[in-house]
Amino acid sequence: VPLPLVPLLFFPPPPAHHTCQGLAPCLPKEGQVNTSGPRFLLATPHPASGSSAAMDRTVSALLLSLLLLLQSYGVCGAPPQPRGTLCRTKPTDLVFIIDSSRSVRPHEFEKIKVFVSQVIEGLDVGPNATRVGVINYASTVKNEFSLKTYQTKAGLLQAVRRIEPLSTGTMTGLAIQFAISRAFSDSEGARVRSPNFNKVAIVVTDGRPQDGVQDVSARARAAGIEIFAIGVGRVDMHTLRQIASQPLDDHVDYVESYSVIEKLTHKFQEAFCVVSDLCATGDHDCEQICISIPGAYKCACKEGFTLNSDGKTCSACSAGSGSALDLVFLIDGSKSVRPENFELVKKFINQIVDSLEVSEKQAQVGLVQYSSSVRQEFPLGQFKNKKDIKAAVKKMSYMEKGTMTGQALKYLIDSSFSIINGARPGVPKVGIVFTDGRSQDYITDAAKKAKDLGFRMFAVGVGNAVEDELREIASEPVAEHYFYTADFRTISKIGKKLQMKICVEEDPCECKSIVKFQTKVEDLINSLQQ
């Protein structure tokens, strides 16, 4: 979108090597790729010469005015969005070893099957590429299918859907021994050990084994099998460390419940990726410009076009939105969050606030906490600066009790974004919903209504948050509007991602993202002084 001019900024007259007039953008020659973005010059007299301090104040004002110059609905020449849905996987003999003991309930076993299927979806499957087998175990071991059974992805996925739980004990060591002696044998389709391909086992278990795993796992690793160990719920972490390959940080994973095991899918898809120039090979779906990165790619657009939300197609620039934003946080204060984690949630909120430029004409922030009931901590516009907002967030007390997310969403619609509570007509509305568990009431109608009203909704889940509910709350495209982490200690990483989603702003002079721009302030000062 064309970048609006900031009235308070004054630039020297344009130098002689270009022909920009007045407010006209300085565009590259036909066919030239946009790398620095459009440059806008104000046709104003040269400002009176002043001290270096005055210049510093000017640039400080520049930074403040840019932080929320545009909403992230697409910017001309915006930094390419990471893609990576395509990658070439190194030929691998992969065997899943899945626990279906009586502690794994039928609906939880279905979650394991979904996880296995999603990992398979990201592989290059074939007799000369990746081969997949599945071992199902409890008190006994069942070879569901071997490495040689299916040579297509479709066949594998259908076979996974047919797997049934065994529902008895937990003989993990026996299952690993079966993998060594049979699953990874030549007769079952395993290939001779070679640097050209990997042998990988992924063990998924939720309990303490009834047999030994240390020695048999050591034999498996000595045989060249790389072992990943995934623990769920009340699993014995010492057992996982005995099973897994080194380094343990890369090979041991833990999730609190089977409902969130799918969150590990991306890790394993990346683990099987090898470096490939997908742009050079044509294995990408960028409409205009493909930028290759290890194992994946990014898309970008030519000058005069903006990258669409799908991250691959481009649209011609049109009129853009202003810098105003009404943002409301909807925070889960239920008992399951716990006081120490609630403090981390407050830091998460202030991390987002730090990325905004708060004022009556720019960003306004409101805060609502909910548990069994809903409580407005402060409405939009009550605080006029970041310092006061952050202080109010720090003072917020923890409600505890239940998780009535549906009731909270209804409050957001009916009250938080109402004019009487500080919302401004015609200003973009953004809601960030934070929760750590399943809602105790119905959310579908309120979640749909919020999006139908044009509110841009982000859903952030931690721990036992339910993915289906997060997706229901999130705006389209869903993948860009919902976030999940298993651990409260890592929500700061989500905060950084949300900063870029809410505020991916562009400097009208340098057309660089705010994050990059701030690192070049001193260079800009020198340029302006010259």
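**View 1. Helices H12 and H13 cross in a left-handed manner.** A crossing counts as left-handed if the near helix is turned anticlockwise from the far one by less than a right angle, and as right-handed if clockwise. This is a predicted model, in which local features need pLDDT of at least 70 and side-chain atom pairs count only at pLDDT 80 or more, while totals for chains, interfaces and linings use all residues. Residues are numbered from 1 along each chain as its sequence is written, and side-chain values use heavy atoms, with hydrogens and water left out. H12 (residues 405-416) packs against H13 (residues 444-452) at an angle of about 30°, their axes 8 Å apart. H12 is therefore roughly parallel to H13 (angles under 35 degrees count as such). On the H12 side, the contact (heavy atoms within 4.5 Å) is made by Gly 406, Leu 409, Lys 410, Ile 413 and Asp 414, and these meet Ala 446, Ala 447, Lys 449 and Ala 450 of H13. Together they divide into 5 nonpolar, 1 polar and 3 charged residues.

**View 2. Lys 113 sits in helix H2 (residues 106-121).** Not counting residues up to four places away in sequence, Lys 113 touches Val 160, Arg 161 and Ile 163. The C-alpha atoms of Lys 113 and Ile 163 are 8.0 Å apart, although 50 residues separate the two along the chain.

**View 3. Ser 257 lies in the loop between strand E8 (252-255) and helix H8 (265-271).** With a relative accessible area of 19%, Ser 257 is buried. Beyond four places in sequence, Ser 257 touches Val 232 and Asn 464.

Conventions
Helix = DSSP H or I, 4+ residues; strand = E, 2+ residues; numbered from the N terminus. Buried < 20%, exposed > 50% of the residue type's maximum accessible area, 1.4 Å probe, protein only. Axes fitted to C-alpha atoms, helices over the stretch in contact; angles between N-to-C directions. Parallel < 35°, antiparallel > 145°, perpendicular 65-115°, else oblique. Nonpolar A, V, L, I, M, F, W, Y, C, P; charged D, E, K, R; others polar.
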